[in-house]
Amino acid sequence: MDVSFLNRVAVVTGAGAGLGRSHAKFLAERGAKVVVNDLGGTVAGEGASTDAADRVVEEIVAAGGIAVASYDSVASEAGGRNIIKTAVDHFGKIDILVNNAGTIRDKSFAKLDLENFTALMDVHLMGAVYCTRAAWPLMLESRYGRVVMTTSSAGLFGSHGHSNYSSAKLSLVGLMNALKQEGTKKNVLVNAVAPMALTRMTESVMSPKLAPRMKPEYVSAMVAWFSSEQCKLAGEIIECGMGYYSKVQIMEAEGVFLGDGDVPSPDMIGQHWAAISDMRGAKSYKNADDLIRSVFYKMKEQGVLES
Ligand code: NAI
């Protein structure tokens with residue numbers, strides 16, 4: 001069956017521009033009733049306006065879709081609660097939450113004013129926490145939910161001048177990994193996209209010539225798949241944009257035991273670096289307990305731990 005969001009209610013945060021606007025329209029075009037949330041500030045998160053969210057609602061309604069605007073900031077607990085309440089008040093429930101709202105404030109770490117660090121953590125991490133926390137009990141109770149986090153290659157792999165943004169973006173992966181443990185059995189599935197798209201956030205570093213290839217819709221297709229009933233995945237991270245879709249995964253090497261039960265010297269660690277960091281046979285784990293169990297298993301197998 002083709003993906004359809006008929007009878008589904010979605011909240012898209014930061015949906016007044018760029019990727020969020022595209023996600024909201026993409027879901028609405030396929031039948032979802034959508035809460036278009038946006039604070040309407042600058043790319044750095046300054047100021048506020050109702051225009052951004054209103055415009056996208058108008059676009060959706062003009063195309064025959066169903067949408068309502070929400071102007072709260074995701075960066076407060078009351079804001080998160082209100083955003084989800086808007087969905088429940090207007091459409092009776094919440095099925096899909098796309099945590100997309102974001103801001104950027106670049107500066108090298110040495111020069112970064114720490115207020116600009118916490119501001120980004122507040123929007124990206126706490127914004128997702130507040131919205132997800134408000135939706136979570138409702139999703140668990142209805143035994144249905146799809147949550148999409150918006151991470152970034154800047155957090156997954158690092159980016160110069162983005163210590164605040166990278167930290168905030170990777171922290172969403174930690175949140176997703178933990179929520180995966182709590183939601184999956186109740187059909188509340190959390191995944192993440194790492195987008196590549198030309199928006200006002202990236203226009204200073206991308207050529208306008210790339211615009212057609214870098215349109216946000218390429219990312220929205222991935223968000224829509226993660227938001228669908230058909231998708232049973234949880235804890236996945238997908239780099240996506242320009243028609244390119246690729247899984248990103250945290251993996252641990254096979255590893256090596258050093259010191260024969262004694263604490264190894266730092267020199268010994270240096271000498272065995274090749275073995276410690278050999279990623280052939282590296283594995284990913286479904287949770288932290290599995291990883292620890294696997295280390296104990298290797299200890300037994302290699303005679304390091306007497307059974
Ligand atoms: P954008 O600046 O076009 O859109 C972000 C939207 O979020 C804006 O409409 C803004 O008003 C809204 N927003 C900001 N703070 C808010 C708050 N406190 N409450 C509610 N709404 C708020 O940027 P873009 O590119 O569309 O970014 C969307 C998401 O994708 C962000 O989380 C960004 O970090 C992430 N991202 C984007 C990439 C890209 O290539 N464009 C790359 C990696 C991640």
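**Close-up views of the ligand site and selected residues**

View 1. The side chain of Y165 places an N or O atom 2.6 Å from a ligand oxygen atom, and the side chain of K169 has an N or O atom 2.9 Å from an oxygen atom of the ligand. The protein buries 97% of the 830 Å² that the ligand exposes when taken alone (accessible areas come from the Shrake-Rupley method with a 1.4 Å probe; for residues, only the protein chains shown count as cover). A polar contact is a pair of N or O atoms within 3.5 Å; within protein, one atom must be able to donate a hydrogen and the other to accept it, and residues adjacent in sequence count only if both atoms are side-chain atoms.

Residues are numbered from 1 along each chain as its sequence is written, and side-chain values use heavy atoms, with hydrogens and water left out. Because the model is predicted, local features need pLDDT of at least 70 and side-chain atom pairs count only at pLDDT 80 or more, whereas totals for chains, interfaces and linings use all residues.

**View 2. The shell around the ligand.** Of the 31 residues around the ligand, D38, N100, Y165, T199 and R200 come nearest (near: one heavy atom of the residue within 4 Å). By class, the shell has 12 nonpolar, 15 polar and four charged residues (nonpolar: Ala, Val, Leu, Ile, Met, Phe, Trp, Tyr, Cys and Pro; charged: Asp, Glu, Lys and Arg; polar: the others, Gly among them).

**View 3. Charges over rings.** R30 lies over the face of F26, 3.7 Å from the ring centre. The charged end of K215 sits over the ring of Y218, at 5.9 Å from its centre (criterion: NZ of Lys or CZ of Arg within 6 Å of the ring centre and within 35 degrees of the ring normal).

**View 4. S207 in its loop.** S207 lies in the loop between β6 (188-195) and α7 (217-226) (helices, H or I, at least four residues, and strands, E, at least two, are DSSP runs numbered from the N terminus). The side chain of S207 reaches the backbone nitrogen of K209 at 3.0 Å. S207 counts as partly exposed because its relative accessibility is 31% (buried: under 20% relative accessible area; exposed: over 50%; partly exposed: in between; 1.4 Å probe, protein chains only).

**View 5. A224 in helix α7.** A224 lies in helix α7 and is buried, with a relative accessible area of 4%.
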